[in-house]
Amino acid sequence: MTEETHETVAHGMQPEDSPELRALYEGFAAQSLIPLWTQLGDLMPMTPAPKAVPHVWKWSDLLPLAEASGELVPVGRGGERRAIGLANPGLAPNAYISPTLWCAIQYLGPRETAPEHRHAQNAFRFVVEGDGVWTVVDGDPVRMSRGDLLLTPGWRFHGHHNDRDAPMAWIDGLDIPFSQQMDVGFFEFGSERVTDYATPNFSRGERLWAHPGLRPLSGLQDTVSSPLCAFRWEHTDRALTEQLLLEDEGQPATVEQGHAAIRYSNPTTGGDVMPTIRCEFHRLREGCETPERREVGSTVFQVFEGRGVVVMAGVEHRLEKGDLFTIPSWVPWRLQAETQFDLFRFSDAPIMERLAFMRTHVDGG
């Protein structure tokens with residue numbers, strides 16, 4: 001039996017060419033009209049047919065380019081940030097890592113300051129190595145250290161300052177492509193510097209919100225994005241370690257055998273940290289292999305530590321610390337861990353779930 005496609009089903013609907021038909025199509029064009037029967041396969045594919053492609057960026061290639069930009073490109077008003085977008089080859093010429101997500105490596109030199117601004121787009125930073133930078137979010141200085149997830153939800157003033165004599169690089173994730181296509185973007189300049197150059201170990205937001213299971217009575221109103229803007233590595237690491245220890249004891253704690261994972265959450269709702277971006281962290285034991293899966297929506301991973309392999313659409317890619325890769329919608333993928341394999345993940349799942357487009361298929365599931 002042949003596979004049914006739009007082309008085979010619609011073949012009988014296509015009219016025969018004639019002068020009258022050509023005149024009809026010219027009339028359509030003159031009135032900015034396009035008939036559905038000529039484009040159904042593109043508008044409504046049988047399964048998702050993403051223009052974005054699976055792609056891997058090697059940290060060993062990215063970091064020297066970021067360092068060179070630090071020597072050649074100033075940071076300040078105008079460009080605002082020394083951020084280099086990871087451009088999916090299937091979405092050229094846009095610097096989009098997926099149709100909904102933007103990812104960049106940002107580089108701040110010794111004693112440099114990136115001025116404050118705010119935008120409607122939601123943003124986060126994840127640090128794979130280094131420290132010494134504070135991001136100031138609505139006047140609250142937030143330390144940035146290895147393994148930390150730092151949030152800048154939409155319309156919060158934010159800037160960065162490096163308090164050290166060494167540079168620092170990290171990744172930024174935003175919902176720029178989604179907001180641009182939806183025409184919802186706003187932008188506003190803030191202070192030429194940052195509003196607070198203090199370097200506290202813990203931000204005011206952490207002091208108020210970073211106590212497990214405890215909610216301040218002064219903050220009982222649910223918020224769209226997390227009021228906690230710093231998720232520290234020591235807590236992430238401990239949670240993953242305990243999941244695997246519980247698995248060793250025969251307790252149900254991991255998502256799959258040898259696969260521990262956490263989702264960063266908004267302490268006021270228990271939901272995602274921001275309305276358009278989901279953030280997770282995954283740890284695979286040495287030798288662990290995940291089942292192949294397909295998911296609607298876009299996903300980006302960065303290797304935090306260890307070595308392993310990702311297989312996307314049947315193609316194997318070897319990975320090590322810092323490497324980033326993107327998985328387009330409905331592309332099959334699986335992970336293999338050569339050593340203990342730690343990965344940070346972000347996706348557009350909150351959008352897909354809220355709009356009821358989410359669908360997942362796991363082999364053997």
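Mentor: A cavity is a set of grid points where a 1.4 Å probe fits but cannot get out, and its volume is the space filled by probe spheres set on those points. This model is predicted. Its largest cavity holds about 30 Å³ of space.

Trainee: How many cavities of 30 Å³ or more does the count give?

Mentor: The count gives one cavity of 30 Å³ or more.

Trainee: Which residues line the largest cavity?

Mentor: The lining is made of E295, G297, T299, I327, P328, V331, W333 and R345. What qualifies a residue for that list is an atom within 4 Å of a grid point.

Trainee: What makes up the lining of the largest cavity by class?

Mentor: Four residues of the lining are nonpolar, two are polar and two are charged.

Trainee: Now the open spaces. How much space lies in the largest pocket?

Mentor: The largest pocket has about 900 Å³ of space. What makes a space a pocket is that it is an open set with protein on both sides within 12 Å along at least five of seven lines. Its lining comprises 31 residues, and P48, A49, P50, V296 and S329 lie nearest its centre. Helix 3 (40-43), helix 5 (176-182) and helix 8 (349-354) each give at least two residues to this lining. By class the lining has 19 nonpolar, eight polar and four charged residues.

Trainee: What volume does the second largest pocket have, and which residues lie closest to its centre?

Mentor: The second largest pocket has about 560 Å³ of space. It is lined by 22 residues, with A210, P212, L228, F231 and H235 closest to the centre. Two or more lining residues come from each of helix 6 (204-209), strand 12 (230-231), helix 7 and strand 13 (259-263). The classes are twelve nonpolar, five polar and five charged.

Trainee: Is T236 buried or exposed, and how do you know?

Mentor: The relative accessible area of T236 is 5%. Buried means under 20%, so T236 is called buried. T236 belongs to helix 7 (residues 233-248). Apart from neighbours within four places in sequence, T236 is in contact with I262, Y264 and F281.

Trainee: Is C103 buried or exposed?

Mentor: C103 has 0% relative accessibility, so C103 counts as buried. C103 sits in strand 3 (residues 102-108). Beyond the neighbours within four places, the contacts of C103 include I84, L86, I171, L324 and F346. What makes each of these a contact is a pair of heavy atoms within 4.5 Å. The C-alpha atoms of C103 and D175 are 8.9 Å apart, although 72 residues separate the two along the chain.

Trainee: How many aromatic pairs are counted?

Mentor: The count is 16 aromatic pairs.

Trainee: Which ring does R143 lie over, and at what distance from the ring centre?

Mentor: R143 lies over the face of F202, 5.5 Å from the ring centre. R293 lies over the face of W333, 5.8 Å from the ring centre. The distance cut-off is 6 Å.

Trainee: What is the phi of W330?

Mentor: W330 has a phi of about 65°, a positive value although W330 is not a glycine. W330 is in the loop between strand 19 (324-327) and strand 20 (333-337). At 15% relative accessible area, W330 is buried. S32 also has a positive phi, near 55°, and is not glycine. S32 is in the loop between helix 2 (19-30) and helix 3.

Trainee: Is S32 buried or exposed?

Mentor: Exposed means over 50%. S32 has a relative accessible area of 70%, so S32 is exposed.

Trainee: What kind of peptide bond joins A92 and P93?

Mentor: The bond is cis, with omega about 10°. P93 is in the loop between strand 2 (83-85) and strand 3.

Note on methods: Residues numbered from 1 in each chain as written. Predicted model: local features only at pLDDT ≥ 70, side-chain atom pairs only at ≥ 80, totals over all residues. Heavy atoms only, no water. Nonpolar A, V, L, I, M, F, W, Y, C, P; charged D, E, K, R; others polar. Helix = DSSP H or I, 4+ residues; strand = E, 2+ residues; numbered from the N terminus. Buried < 20%, exposed > 50% of the residue type's maximum accessible area, 1.4 Å probe, protein only. Phe/Tyr/Trp six-rings, centres within 6.5 Å; stacked < 30°, edge-to-face > 60°. Lys NZ or Arg CZ within 6 Å of the ring centre and 35° of its normal.
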